[in-house]
Amino acid sequence: MTKIRDSYFDNAKFFLILLVVFGHSLTNLKSDMPVIYSLYTFIFIFHMPAFILISGFFSKHFNKQGYVKNAIKKTVIPYMIFQIIYSYFYYVTGYTKVLKIDLVSPHWTLWFLISILFWKLMIIPFSKLGKFGFPVALLIGVCAGFFDTIGTDFSASRTLAFFPFFFLGYLLKKEQFTTFLTRTPVRIGGIAVLTGVFLACHFIFPKDLQDWVLYDSSYRAFGLTAVQGSLIRLAVYSVALLTIFAFMSLIPKKQFSFTALGKNTLYIYLLHGFFIKTIVLLPIYDSIQDLYQYSFLFAASLALCYLLASRPVRRFTEPIVEIKMPHLQH
């Protein structure tokens, strides 16, 4: 059973990290073509919430000795290192004209390191609430949008708004993923849901949904009252959860050649930004206009995932990505 569980979740993490890389490669192109804009929104509805849900699932060991110490070391040290590297990278490549090392506002993807530290700490008191902790987590996520002061600094808004996904993952059992979700009728339903959500992104959902799924703005920033914002965030939560489980229902349980990449998603996540930000500066990136060319961008995203998860890259970057300590994680 362990092998099946490992392959299932590693497969899920591989597909999710591929969507992260591909999604980020579309960031500067998404407005050029309606179907790509819709695809971008569709990906962002569920890819990070699903990652966070899986992270919560593997955070059931919080009562082990050294849990807090390890959580801090595995997030704070890499965050500080990559925050400084990104500061220099943005300056050298011309994204910023002044070299500024800021440890308060996470660069691009680095918000996840700060947020996952807080989620891993928050799970300790929340675990005492059991299943009743989920509506409390939802309430906190909704209320986070009330305050303009809860923004991107220290990833505060995303930490609170994404926490329901993390806590729900903590509550779920392995069998609910690998047995219930992967049944044939559920998988058929999953295909229908994913198709329906994509079509809704294209034809029904408002364009600013793309900003809502980032979970980093207050309701006032959208020009809404607290009540209006709360209802929309709850609706976004509902769509995200439905899409996550539809996606997870399609994940294969067997081991494939790409399964091993799912164990090294942190390398891909932390390193791919340097490649994406560099490619965006090249003339060939601006020449991507036709739909068929996006298939090459997807293939390049896949190749980048394989490269960054490869043994040579991991050996070279391990000192700054994974701080060595007793291994507690899946």
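**A tour of salt bridges, a helix and a patch**

Start by selecting Lys13 and Asp10: both sit in helix 1 (residues 2-26), three residues apart, or about one turn of the helix. Keep in mind that this is a predicted model. Show the two side chains and you'll find them meeting in a salt bridge, 3.8 Å from N to O. Lys13 counts as buried because its relative accessibility is 12%, and Asp10 is buried too, with a relative accessible area of 1%.

How many salt bridges does the structure hold? Three, so let's visit the others.

Next, pick Asp148 and Arg220, whose closest N and O atoms are 3.0 Å apart in a salt bridge. This pair ties together distant parts of the chain, 72 residues apart: Asp148 is in the loop between helix 5 and helix 6, and Arg220 is in the loop between helix 9 (209-212) and helix 10. Asp148 is partly exposed at 47% relative accessibility, while Arg220 is exposed at 62%.

Now go to Arg158 and Asp216, which form a salt bridge of 3.7 Å, N to O. Arg158 is buried, with a relative accessible area of 15%.

Then select helix 5 (residues 133-143) and color its buried residues, among them Phe134, Leu138 and Val142. What do the buried residues of helix 5 pack against? Helix 4 (111-126), helix 6 (156-171) and helix 10 (226-249).

Last stop: the surface. Met80, Ile84, Tyr88, Tyr91, Val92, Leu99, Ile101 and Leu103 make a nonpolar patch, with about 700 Å² of accessible area together. Zoom in on Ile84, in helix 3 (residues 67-93); at 34% relative accessibility, Ile84 is partly exposed.

Methods. Residues are numbered from 1 along each chain as its sequence is written. This is a predicted model: local features need pLDDT of at least 70, side-chain atom pairs count only at pLDDT 80 or more; totals for chains, interfaces and linings use all residues. Side-chain values use heavy atoms; hydrogens and water are left out. Buried means under 20% relative accessible area, exposed over 50%, partly exposed in between (1.4 Å probe, protein chains only). Helices (H or I, at least four residues) and strands (E, at least two) are DSSP runs, numbered from the N terminus. Contact means heavy atoms within 4.5 Å. Patches are made of residues with over 30% relative accessible area and no salt bridge: like charges are joined within 9 Å, nonpolar side chains (Val, Leu, Ile, Met, Phe, Trp, Tyr) within 5 Å. Accessible areas come from the Shrake-Rupley method with a 1.4 Å probe; for residues, only the protein chains shown count as cover. A salt bridge is a side-chain nitrogen of Lys or Arg within 4 Å of a carboxyl oxygen of Asp or Glu.
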